[in-house]
Amino acid sequence: MDEPLSAMTDTASSGSSLSHNPLGLTVELGRDEPIRLDSGVVLDSVTIAYQTYGCLNADKSNAILLCHALTADQYLADPHPITGKPGWWNDLVGPGRLFDTDRYFLICSNVLGGCMGTTSPATINPATGKAWGQDFPVITIGDMVQVQARLVDYLGISQLFAVIGGSMGGMQVLEWCASRPERVFAAIPIATAARHSAQNIAFNEVGRQAVIADPDWREGRYMDYGTKPRRGLAVARMAAHITYLSEPALHRKFGRNLQGDRDAFEYGFGAEFQVESYLRHQGSTFVDRFDANSYLYITRAMDYFDLAAEHDGQLANAFKGTQTRFCVVSFSSDWLFPTVESRAVVHALNAVAANVSFVEIQSDKGHDAFLLDEPEFHATLSGFLEAAAARRGLKPAAGKEGTP
Amino acid sequence: MIMSLGSLRVDLRLIADMVETGSRVLDVGCGDGTLLAWLGRHKDVDGRGVELSMAGVSAAVAQGLSVIQGDADTDLKDYPSGAFDTVILSQTLQATYAPKTVLNNMLRIGRRAIVSFPNFGHWRVRLSLGLKGRMPVTNTLTYEWFDTPNIHFCTIRDFLVLCEDLGITVERAIALDGAGGVLPYDGRGCVANLLATQGLFVLSRKS
């Protein structure tokens with residue numbers, strides 16, 4: 001499942017009229033100019049798997065990069081090739097929708113270290129002819145963004161109209177704005193933070209230890225044995241999944257209801273409560289689509305993220321002189337990336353007199369709210385994008401003039 | 001009620017008239033961004049807003065304005081000095097926790113400030129307290145004492161004394177009646193303090 005899915009390497013010439021590639025695209029980067037990671041390791045070949053939607057316009061000014069979260073991937077608006085489920089922002093992408101494919105050229109790539117076709121621990125290490133496993137270099141959010149920037153170079157785009165993402169995707173948005181401000185016209189970091197908190201590092205560590213404690217992990221070389229640390233990775237997902245929700249959301253969905261049509265306890269350790277059964281299901285289905293080593297590497301990349309630390313301890317320094325227009329969004333019941341984290345970003349942006357909007361959306365759905373149907377959230381994004389597009393000189397899609 | 005003139009409330013129109021074309025403006029407590037939108041359209045202003053309510057911020061951002069959810073007490077300290085030509089605080093000063101800090105911050109980040117607030121020295125207020133012995137509920141002070149967000153009421157005279165204490169120059173003072181009409185303003189503000197339901201002041205820092 002961790003083999004590249006691509007069939008259409010190098011077909012996305014810039015400015016092409018392709019509008020959709022259900023099979024997925026890949027491109028090999030780094031051959032001409034090696035990719036130096038933050039750890040100091042140099043990779044001279046990185047494959048990046050990505051999807052595009054819509055068409056790049058003549059002056060290449062309508063590209064939006066969408067950055068996915070920890071366990072998502074480039075299948076923004078396609079059925080997932082393994083689960084068959086709709087893409088993670090499927091309902092927002094399409095003609096006339098928030099991310100209007102008649103107007104924008106959308107790019108979504110699998111992050112470095114991800115397991116849907118981009119170079120990762122499951123990829124063959126050219127030096128050994130075997131999968132990298134734990135020999136894969138440790139990566140950072142900055143490394144992920146560097147590889148994305150190479151993809152954007154390859155597509156011939158000098159400035160992205162917008163970079164948008166939630167959670168870890170939001171970290172990438174902030175990293176883009178700090179490291180390549182001239183390449184980002186507008187930025188929407190959602191439900192995210194400029195640094196991973198101690199609590200979040202702690203949760204990640206629980207997940208990693210669950211994987212590592214599974215005997216089937218085999219020091220990260222499980223692929224050599226034809227096994228997978230299924231139990232460990234499932235437990236990691238179960239713990240993480242709780243952090244994506246909220247107490248009210250869990251209560252509304254499950255309460256203390258018992259499994260099936262039971263009305264009495266069984267006095268055992270089976271899945272007595274519906275919430276247990278739900279989490280077990282989340283864990284076991286996750287294992288089918290995600291690679292355990294990828295999970296270790298990507299969570300580690302999040303832990304390392306601290307934009308202020310990279311700028312003399314002052315977050316504002318990360319954005320000094322920025323011309324990017326920002327729309328920061330948080331959700332009131334998100335306790336994984338609480339509003340206070342978004343406010344810290346907003347205050348830093350205010351300190352450099354940046355052009356910034358910020359709204360905390362009232363929702364009881366927790367961190368996952370950014371992936372769910374939240375009309376107020378979508379209205380805010382739509383208004384911000386519309387205004388930014390007008391500033392950028394992007395015309396409304398054909399047939400929609402006069403109805404902004 | 002305050003009258004509407006050309007789609008902009010009279011007090012907002014007065015404020016709008018004082019804003020220079022092409023200037024940088026921060027509107028603190030901007031609501032749904034009505035004033036900012038007007039200033040952007042008619043005066044080519046580079047405007048930013050701060051607003052407490054999600055509905056207000058959403059409405060403002062949805063019409064393309066740059067507005068952050070926050071309030072005057074917590075969100076002014078981060079702006080750099082001199083970032084704006086004008087900082088506006090309309091009908092909000094009395095609801096802040098630390099009005100002195102807010103005023104100082106406004107005149108730090110802006111070259112000048114425009115502040116309006118309900119006048120607690122108005123004769124109806126005095127009458128209500130003095131004769132009836134009740135907290136005033138009037139057209140401009142619509143809340144009962146137990147549900148009011150207004151925690152730091154002041155009179156026009158109180159405000160002028162505070163400005164003096166803080167070394168703030170009052171460049172212009174306007175007294176408004178209940179209908180939003182402009183009343184004559186006397187030198188020390190004593191008549192305005194009796195007749196005006198709200199005061200509107202343009203402030204700058206003594207240099």
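Me: In which strand of chain A is Val27(A) found?
Reply: In this predicted model, Val27(A) belongs to strand E1 of chain A, which covers residues 25–29.

Me: Is Val27(A) buried or exposed?
Reply: Burial is judged from a count of neighbours, and 20 or more other C-beta atoms within 10 Å make a residue buried. Val27(A) has 20 C-beta neighbours inside 10 Å, and therefore counts as buried.

Me: How far apart are Val27(A) and Thr118(A) in sequence and in space?
Reply: The two residues are separated by 91 residues in sequence, while their C-alpha atoms are 9.1 Å apart in space. For chain A as a whole, consider the contacts with a separation of 6 or more: 70% of them involve residues 24 or more positions apart.

Me: How does the radius of gyration of chain A compare with that of a compact globule?
Reply: A compact globule of 404 residues would have a value near 22 Å, and chain A has 21 Å, so the two agree. The C-alpha trace of chain A spans about 65 × 50 × 45 Å along its principal axes. Nine helices and 14 strands make up its secondary structure elements, and buried residues account for 50% of its 404 residues.

Me: Which value of phi does Ala191(A) have, and where is its place in chain A?
Reply: Phi of Ala191(A) is near 45°, which is a positive value in a residue other than glycine. Ala191(A) sits in the loop between strand E12 (184–190) and helix H3 (198–213) of chain A. Ala191(A) counts as buried because 30 C-beta neighbours lie inside 10 Å.

Me: What is phi of Asp312(A), and is this residue buried or exposed?
Reply: Asp312(A) is also a residue other than glycine with a positive phi, here near 55°. Its loop runs between helix H7 (292–304) and strand E13 (325–331) of chain A. A residue with 12 or fewer neighbours is exposed; Asp312(A) has 9 other C-beta atoms within 10 Å, so Asp312(A) is exposed.

Me: Which residues of H1(B) and H2(B) meet?
Reply: From H1(B) come Leu12(B), Ile15(B) and Ala16(B), which meet Thr34(B), Leu35(B), Trp38(B) and Leu39(B) of H2(B). Sorted by class, this contact has six nonpolar residues, one polar residue and no charged residues.

Me: How many residues of chain B are in contact with chain A, and which element supplies the largest share?
Reply: The contact involves 15 residues of chain B and 22 residues of chain A. Helix H3 (54–62) and strand E5 (66–69) of chain B each supply at least two residues of the side that touches chain A. The largest share, five residues, comes from H3(B). By class, this side of chain B has nine nonpolar, five polar and one charged residues.

Me: At what angle do helix H9 of chain A and H3(B) cross, and which residues meet?
Reply: The axes of H9(A), residues 375–392, and H3(B) cross at roughly 35° and come within 7 Å. Glu376(A), Ala379(A), Thr380(A), Ser382(A), Gly383(A) and Phe384(A) meet Ser58(B), Val61(B) and Ala62(B).

Technical notes: Residues numbered from 1 in each chain as written. Chains lettered and ligands numbered in written order. Predicted model: local features only at pLDDT ≥ 70, side-chain atom pairs only at ≥ 80, totals over all residues. Contact = placed C-beta atoms within 7 Å. Helix = DSSP H or I, 4+ residues; strand = E, 2+ residues; numbered from the N terminus. Nonpolar A, V, L, I, M, F, W, Y, C, P; charged D, E, K, R; others polar. Rg over C-alpha atoms; globule rule 2.2 N^0.38 Å. Axes fitted to C-alpha atoms, helices over the stretch in contact; angles between N-to-C directions.
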